[in-house]
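Please look over the structure below.

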Amino acid sequence: MKHIVKILSLLVAISAFWIGLLQAAIVPRSHTWLLPIYFVVSLGCYGLLMVGVGLMQFPTCPQEAVLLQMDITEAKEFFRHKGVDVGSD
Amino acid sequence: MADEKENIGEKKYKYSIIIPTFNERLNIAIIVYLIFKHLRDVDFEIIVVDDGSPDGTQDIVKQLQQLYGEDRILLRARAKKLGLGTAYIHGLKYATGDFVVIMDADLSHHPKYLPSFIKKQLETNASIVTGTRYVKDGGVHGWNLMRKLTSRGANVLAQTLLWPGVSDLTGSFRLYKKCVLEDVISSCVSKGYVFQMEMIVRASRKGYQIEEVPITFVDRVFGTSKLGGSEIVEYLKGLVYLLLTT
């Protein structure tokens, strides 16, 4: 099934649960009305947390630039010997 | 010629490496050299799809053909810049390998990772092996904080909305089983990097097995290109399109 259908089904299930809570009044209604807002805000905070954590742990590889330069030099030497004119960057 | 791979006593596979180029006169030569260096015992062909580069890229490729053989390097050029997706489709027409590798010509994708792609595919029999920059043994060099932030934000958004099953959605260093690439590419319509996302998401939805290998990405181009508002809008539009149609 299409992905959007999965997401909508999930939202419908959550909404049904929320409406059920409203009707059953196990939790005081004033709290229950605010639940969707809590949900959206938590989702937003989780997203921001994931972005922040990912940014802090962002893998970098400065040594790769050096290795690449060495590879470029090696290749240029090879082509110079073979008479292939690769010109300059 | 008793040239069997010692770890796998089965048939040897052939790999077609498709490289779209536009004004990559120097880089294409270096890439070809590095591919031959790192794939010594592998049966492969390189298909260069050049879009009428004015800087003499095709002349260099012809010289490389003299050096390495016209059966190893195929030049299948087009008249003008026609886009990445169609470049792959064009290259696919001439591919005679069992597997197809796609990679960029600007040296951001290093051929030294090709053996790890091949090994991963042979170990897992995956339909697609995709390179990921965002895991521990991977990495990016050449991005400032802002660029990393947008990349990370874009990734979190895409993961939340699409549940794609891969960590690097916009990466374009991938190995496909040839039949799988043909199947997936025929159903993709996007352009640019959204095209790369569409490919991997559609493949995931179709149930193809996708494995990842860490790669490092050296961006020497970033300083010259900008990641502006219009790019962000394009990306968001692409996400919504993928959310609704895959």
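The sulfur of B:Cys179 lies 15 Å from the closest cysteine sulfur, that of B:Cys188, which is too far for a bond. Over all chains there are zero disulfides, a disulfide being a pair of cysteine sulfur atoms within 2.5 Å. This is a predicted model, in which local features need pLDDT of at least 70, side-chain atom pairs count only at pLDDT 80 or more, and totals for chains, interfaces and linings use all residues. Residues are numbered from 1 along each chain as its sequence is written, chains are lettered from A and ligands numbered from 1 in the order in which they are written, and side-chain values use heavy atoms, with hydrogens and water left out.

**Cysteine exposure**
- B:Cys179 is exposed, at 51% relative accessible area.
- A:Cys61 counts as buried, with 1% relative accessibility.
- Buried means under 20% relative accessible area, exposed over 50%, and partly exposed in between (1.4 Å probe, protein chains only).

**The sheet of chain B**
- Seven strands form an open sheet in the order 3-2-1-4-7-5-8, with mixed pairing.
- Strand 3 (73-75) and strand 8 (210-214) of chain B are the edges; each has a single partner strand, so one side of each lacks a neighbour in the sheet.
- On average, neighbouring strands are turned by 20° against each other, direction ignored.
- Helices (H or I, at least four residues) and strands (E, at least two) are DSSP runs, numbered from the N terminus.
- Two strands pair if DSSP finds at least two bridges between them.

**Strand pairs**
- Strand 1 (residues 14-21) and strand 4 (residues 99-102) of chain B run parallel and share four bridges; B:Ile18 has B:Ile102 as its bridge partner.
- Strand 1 and strand 2 of chain B are parallel over eight bridges, with B:Ile17 opposite B:Ile46.
- Strand 2 and strand 3 of chain B are parallel too, joined by three bridges; B:Val48 stands opposite B:Leu75.
- In strand 2 of chain B, seven of the eight residues are buried.

**Helices and crossovers**
- Strand 1, helix 1 (residues 25-38) and strand 2 of chain B make a right-handed β-α-β unit.
- Right-handed means that, with the strands pointing away from the viewer, the path from the first strand over the helix to the second runs clockwise.
- Helix 2 (residues 57-68) of chain B lies across strand 1, strand 2 (43-50) and strand 3, at about 150° to strand 3.
- Angles run from 0 to 180 degrees between N-to-C directions, with axes fitted to C-alpha atoms, for helices over the stretch in contact; contact means heavy atoms within 4.5 Å.
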